[in-house]
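This report walks through one protein model, from its sheet to its helices, its core and a few single residues. Please keep the sequence and the structure in view while reading.

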Amino acid sequence: MSELRWHPLLREWVVVTAHRQDRPQMPEDWCPFCPGSGRVPDHYDVYLYPNDFPAFSFDDPNAPGACDVVLYSPEHNRLPSELPSEQWERVIALWTRRTGELSRDPRVKHVAVFENTGAAVGVTMPHPHGQIYAFPFVPPRVQREWHSASEFRLERKRCLYCHVLQEEQDAKARIVGENSGFTAFVPSFARFPYETHLYANRHARGLEDLRACEVQQLAELLLGTRKKYDALFSNPMPLMMMLHQTDHFYIEFLPLQRSAHKLKYLASVESSLGTFLEDVSPESAAEALRSVKVNV
């Protein structure tokens with residue numbers, strides 16, 4: 001079971017999940033996410049797997065919620081960047097369905113769709129997968145964004161996210177890729193080296209608001225961005241991916257490499273004070289990613 005504890009200095013919840021300390025490092029010759037393991041169907045395209053060590057559970061009165069694992073493919077050794085665009089469309093469809101289910105539960109205050117990739121992020125399962133968490137509270141980052149967007153709308157009479165997107169489209173210098181539905185760019189305020197955001201060009205609040213053509217466009221640009229990351233240093237990029245669905249839909253990529261042989265560590269200033277020191281200028285990062293030629 002988990003326990004929510006209030007941090008009085010930061011005014012935010014900390015989730016104590018001591019039971020997750022026993023999560024196993026899976027052996028190389030066996031994977032519960034692979035067909036034939038007895039833990040998943042013998043045949044599947046994408047699959048929603050209940051987390052064996054959930055931080056939140058509807059059966060837990062102390063921390064009600066859900067923690068799901070989204071299996072992107074039955075192929076254990078396929079990188080997310082190696083999945084075809086059509087497979088990403090299936091993943092997006094599963095994200096959308098589960099987001100809707102969880103959002104309609106009154107106990108859920110926020111649904112987070114995300115992915116951790118690479119040993120540098122602490123991933124113990126190499127099988128291509130992401131996760132979906134249903135929180136019993138609104139995370140502080142989400143609250144801060146909501147307040148910023150609300151104040152901007154009140155003062156400027158327009159959407160803050162649309163404003164950010166328009167500024168990047170006008171500047172052009174930090175755009176990494178785009179199609180008619182989405183724009184990928186390194187934001188001028190990037191905190192991580194080679195950080196990118198994928199913004200919906202139309203003001204769609206979340207996955208459930210996307211049109212069929214936009215799902216296809218999102219899959220194509222998402223795949224293209226993943227390919228660029230893995231090609232940038234000729235090695236799979238360790239990164240975190242988060243979908244934001246509070247006011248304007250966008251995807252945030254936070255890579256953990258600042259060069260081919262150096263990782264980005266969140267040390268004292270970042271972790272304790274919350275002030276990020278950016279090792280690579282957003283303009284240089286955008287130029288490096290833009291110059292990587294990939295086929296989708």
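A residue is called buried when its relative accessible area is under 20%, exposed when it is over 50%, and partly exposed in between, using a 1.4 Å probe and protein chains only. Helices (H or I, at least four residues) and strands (E, at least two) are DSSP runs, numbered from the N terminus. This is a predicted model, in which local features need pLDDT of at least 70 and side-chain atom pairs count only at pLDDT 80 or more, while totals for chains, interfaces and linings use all residues. Residues are numbered from 1 along each chain as its sequence is written, and side-chain values use heavy atoms, with hydrogens and water left out.

In helix H6 (residues 282–291), the residues Pro282, Ala285, Ala286 and Leu289 are buried. Seen down the axis of H6, its buried residues fall within an arc of 100°, so they line one face of the helix; the arc is that of the directions from the helix axis to the C-beta atoms. These buried residues of H6 pack against E7, E9 and H4, where contact means heavy atoms within 4.5 Å.

Nine strands form an open sheet with antiparallel pairing, in the order E3-E4-E6-E5-E10-E11-E9-E8-E7. The edge strands, each pairing on one side only, are E3 (47–50) and E7 (175–178), and neighbouring strands of the sheet are turned by 20° against each other on average, direction ignored. Two strands pair if DSSP finds at least two bridges between them.

| Strand pair | Bridges | Residues opposite |
|---|---|---|
| E3 and E4 | four | Tyr49 and Val69 |
| E5 and E10 | five | Thr117 and Leu239 |

Seven of the eight residues of E5 are buried, so this strand is largely enclosed by the rest of the structure.

Helix H3 (residues 160–171) lies across E7, E8, E9 and E11, running at about 70° to E8. For such angles, axes are lines fitted to C-alpha atoms, for helices over the stretch in contact, and angles run from 0 to 180 degrees between N-to-C directions.

A nonpolar core is a set of buried Ala, Val, Leu, Ile, Met, Phe, Trp, Tyr and Cys residues joined through side-chain atoms within 4.5 Å. The largest one has 48 residues, and those with the most contacts inside it are Trp88, Trp95, Phe249 and Ile251. Its largest share, eight residues, comes from helix H4 (residues 212–232). Leaving aside neighbours within four places in sequence, the contacts of Trp88 include Tyr72, Trp95, Glu115, Leu222 and Arg226.

How many disulfides does a search of the whole structure find? The search finds zero, a disulfide being a pair of cysteine sulfur atoms within 2.5 Å. For Cys34, the nearest cysteine sulfur, that of Cys31, is 3.9 Å away, and Cys34 is buried, with a relative accessible area of 16%. The sulfur of Cys67 is 19 Å from the closest cysteine sulfur, in Cys31, too far for a bond.

Most residues other than glycine have a negative phi. Lys172, in the loop between H3 and E7, has a positive phi near 65° and is exposed, with a relative accessible area of 57%.
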